[in-house]
Amino acid sequence: MPQTPFFLREIVLPVMLARLGRLVLDAVLPPLCLKCQAIVAEPGTLCPQCWQQITFLAPPFCVRCGRPFEFDPGPAACCGACLCTPPVYDCARAVLRYDEASRPLILSFKHGDRLEGTAAFAHWMARAGADLLDKADLLVPVPLHRWRLARRRYNQAALLALALGRRCGIAVAPDLLRRRRSTPSQGHLGPEARRQNVAGAFTLARNGASGLAGQRVVLIDDVLTTGATVEECARVLRRSGAAEIGILTLARVLRET
């Protein structure tokens, strides 16, 4: 018997099942806030109190990495870090700050099977990354290793990419990048350890380079921390001929400099 394609088996089917479950629940229960479970008017939204707690990122920010500035330095300004060591990618944008207020929202989506917020997250990302998506040819999610995917049952980056692709009419390649070795969790690692942890961890799927030459690619992930993972993915795409590489994430960690 022919096997079900990987992205249908591991990505699309879990989303369809989650949506079916959500429809059943909505028929008998009121919709709940994505973060605190308070009753809200529409499924896949935040209550007013949780909305006010979330820090949504907005200009002024570094034109390259998207890090917010405390004051407006003028148009097309780069932060000091990007001037000293330009990233491999061309531009990065994120929706919100990853902090104590947003962490439960992200972790419940990433690890807790709370997938009903996917459409709302894609809507937020489409707005925050409009300058990237308007010229994008292809959306590529950061992959999970197959062992971690088997444990988690879905790749949250791929869910976001597929939802964004549907919303914006952009092609999505959920299996283009592969994580060829299992890397330890990076949550407890510092910047240099993170870079070493993911060095050489990604590759393209077989024949994946054939359609990348000259393409404007946007990498999709849930959280940008130090940027080590997306930088390593961007190197693989750049070596394979991608003309422009953008990064779009739901959240990003902002450490004091």
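Colleague: In which sense do β6 and strand β7 pair, and over how many bridges?

Modeller: In this predicted model, β6 and strand β7 (residues 244-252) pair in the parallel sense, over 8 bridges. Within that pairing, the bridge partner of valine 223 in β7 is alanine 251.

Colleague: Which helix makes a β-α-β unit with β6 and β7?

Modeller: That is helix α10, residues 228-239. Together with β6 and β7, helix α10 makes a right-handed β-α-β unit.

Colleague: And what about strand β2: in which sense do β2 and β6 pair?

Modeller: Strand β2 (residues 138-141) and β6 also pair in the parallel sense, here over 4 bridges. Leucine 138 has valine 217 as its bridge partner in β6.

Colleague: How many residues of strand β6 are buried?

Modeller: Of the 9 residues in strand β6 (residues 216-224), 8 are buried, so the strand is largely enclosed by the rest of the structure.

Colleague: Changing topic to alanine 171: where is it found?

Modeller: Alanine 171 is found in strand β3, which covers residues 171-172.

Colleague: Why does alanine 171 count as partly exposed?

Modeller: Its relative accessibility is 44%. Partly exposed covers the range between the buried limit of under 20% and the exposed limit of over 50%, so alanine 171 falls in that class.

Colleague: Which residues does alanine 171 touch, leaving out those up to four places away in sequence?

Modeller: With that exclusion, alanine 171 touches Asp137, Leu138 and Leu139. Leucine 138 is the residue that has valine 217 as its bridge partner in β6.

Colleague: How far apart are alanine 171 and alanine 136?

Modeller: They are 35 residues apart in sequence, and their C-alpha atoms are 8.9 Å apart in space.

Definitions and conventions: Residues are numbered from 1 along each chain as its sequence is written. This is a predicted model: local features need pLDDT of at least 70, side-chain atom pairs count only at pLDDT 80 or more; totals for chains, interfaces and linings use all residues. Side-chain values use heavy atoms; hydrogens and water are left out. Buried means under 20% relative accessible area, exposed over 50%, partly exposed in between (1.4 Å probe, protein chains only). Helices (H or I, at least four residues) and strands (E, at least two) are DSSP runs, numbered from the N terminus. Two strands pair if DSSP finds at least two bridges between them. A crossover is right-handed if, with the strands pointing away from the viewer, the path from the first strand over the helix to the second runs clockwise. Contact means heavy atoms within 4.5 Å.
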